[in-house]
Amino acid sequence: MPNVTRADAVAAVRNPLAFIAARWTPTPRTVQRAALAALVMSVVIVVTGGAVRLTGSGLGCPTWPKCTDDSLTATSAMGVHGAIEFGNRMLTYVLCAAVGWAIIAARSEKPFRRSLTRLGWAQFWIVMSNAVLGGIVVLVGLNPYTVAAHFLLSSALIAVATVMWQRTREGDAAPRPLVGKAVQQLVWFLVAASALLIAVGTVVTGAGPHAGDSSEVERMPLDWENVTKLHAVLAWIVVTLTFALWFVLKAVDAPKGPLNRTRDLFLILLAQGVIGYVQYFTDLPEILVGLHMLGSAVTWIAVLRVMLALRERPEAELPDLPVQSYEATSASIAGPR
């Protein structure tokens with residue numbers, strides 16, 4: 001076991017990330033897996049949050065940060081609703097661990113990439129902000145506007161996690177576009193329409209029947225049928241833009257990356273649309289609503305991956321360094337100088 005001096009201990013306390021980075025260099029695959037783990041957990045927390053609402057467990061723990069005024073955890077007297085709500089709170093710590101692992105891996109990678117660590121810290125602060133907002137949601141009795149903000153902030157977390165995951169598989173050179181400006185503008189319209197679709201989806205939830213608790217919960221004073229129809233129209237706009245993008249990419253003989261990701265997005269949208277229409281005509285069964293929430297997160301990731309596929313970022317070129325010539329002592333170590 002290596003000796004740890006007093007100076008090492010002080011350095012570890014003052015800057016633990018730098019201390020770890022000085023003693024550990026993860027492989028690129030490790031960094032990629034860490035970023036992917038953070039992305040997966042950001043989706044999981046959305047799905048489990050939906051399960052809390054769909055099971056009517058939103059106030060299973062009636063206060064925050066404790067579960068009750070007298071207990072930090074759920075008690076047996078609170079039943080299954082308390083267990084579900086408290087379990088979702090505990091998953092926040094798992095999400096924090098995944099994000100922390102991504103930050104540590106990015107900070108320890110050599111050479112150091114500041115862009116990756118910034119994306120990791122952005123996720124951390126979004127998680128902290130959303131945890132506080134989640135507490136506010138409970139304290140205000142599941143006010144639908146705070147619930148909508150809670151979901152939108154989760155979507156922002158998914159966006160940052162997706163970008164970080166993509167950046168772990170790229171270099172740090174300036175991005176080079178793979179398509180023309182007109183195609184890029186079409187994709188930006190697609191991203192904007194998708195973001196609006198998600199936002200209107202939170203309004204559908206806020207005005208719909210799944211309030212999140214069995215007690216009387218405030219709902220948005222809107223006609224749920226009309227808002228749902230608007231949501232469907234926006235969904236068809238996103239589908240149309242995706243199909244148009246695929247057609248344009250085919251016409252201009254674009255690289256396979258953007259073309260394949262656009263195809264994947266189109267298939268995901270079709271599946272999401274089927275779930276949406278089935279749940280609408282079957283009076284919103286909880287399992288289908290939960291699948292639709294998962295589909296929303298997956299769709300958002302697919303949209304962002306289309307946007308990120310429109311450019312490439314090769315490894316940054318390192319400055320030329322003087323190379324000392326030498327004679328190789330065996331064929332196994334002989335190679336390009």
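Predicted model: local features only at pLDDT ≥ 70, side-chain atom pairs only at ≥ 80, totals over all residues.
A polar contact is a pair of N or O atoms within 3.5 Å; within protein, one must be able to donate a hydrogen and the other to accept it, and residues adjacent in sequence count only if both atoms are side-chain atoms. Helices (H or I, at least four residues) and strands (E, at least two) are DSSP runs, numbered from the N terminus.

**View 1. Asparagine 143 caps the N-terminal end of helix H6.** A side-chain oxygen of asparagine 143 lies 2.9 Å from the backbone nitrogen of tyrosine 145. Helix H6 covers residues 144-167. Its 24 residues should span 34 Å at 1.5 Å a residue, where the expected span is 1.5 Å times one less than the number of residues. The end C-alpha atoms of H6 are 35 Å apart, which agrees.

View 2. Residues are numbered from 1 along each chain as its sequence is written, and side-chain values use heavy atoms, with hydrogens and water left out. Along the sequence the pattern reads α-α-α-α-α-α-β-α-α-α-α-β. Of the 337 residues, 42% count as buried. Buried means under 20% relative accessible area, exposed over 50%, and partly exposed in between (1.4 Å probe, protein chains only). The chain exposes about 18500 Å², with carbon and sulfur atoms supplying 66% of it. Accessible areas come from the Shrake-Rupley method with a 1.4 Å probe; for residues, only the protein chains shown count as cover.

**View 3. Glutamate 170 pairs with arginine 167 and with arginine 311.** A salt bridge is a side-chain nitrogen of Lys or Arg within 4 Å of a carboxyl oxygen of Asp or Glu. By this rule the count comes to seven. The closest N and O atoms of arginine 167 and glutamate 170 are 3.4 Å apart. For glutamate 170 and arginine 311, the N to O distance is 2.4 Å. Glutamate 170 lies in the loop between H6 and S1 and arginine 311 in strand S2 (residues 311-312), so this pair ties together parts 141 residues apart in sequence. Arginine 167 is buried, at 5% relative accessibility. Glutamate 170 is buried at 8%, and arginine 311 is buried as well.

**View 4. Arginine 176 and glutamate 312 meet in a salt bridge.** The N to O distance is 3.0 Å. Arginine 176 lies in strand S1 and glutamate 312 in strand S2, so the pair ties together parts 136 residues apart in sequence. Salt bridges that share partners join Arg113, Arg167, Glu170, Asp172 and Arg311 into one network. Arginine 176 is partly exposed at 45% relative accessibility. Glutamate 312 is partly exposed at 33%.

**View 5. Threonine 63 sits in the loop between helix H3 (28-54) and helix H4 (79-108).** Threonine 63 is buried, with a relative accessible area of 16%. Leaving aside neighbours within four places in sequence, threonine 63 is in contact (heavy atoms within 4.5 Å) with Thr68, Asp69, Arg89, Val138 and Leu139.

**View 6. Val47, Ile287, Leu291, Leu294 and Val298 form a nonpolar surface patch.** Together they have about 380 Å² of accessible area. Patches are made of residues with over 30% relative accessible area and no salt bridge: like charges are joined within 9 Å, nonpolar side chains (Val, Leu, Ile, Met, Phe, Trp, Tyr) within 5 Å. Helix H10 (residues 286-308) gives the most, with four residues. Isoleucine 287 lies in H10 and is exposed, at 62% relative accessibility.
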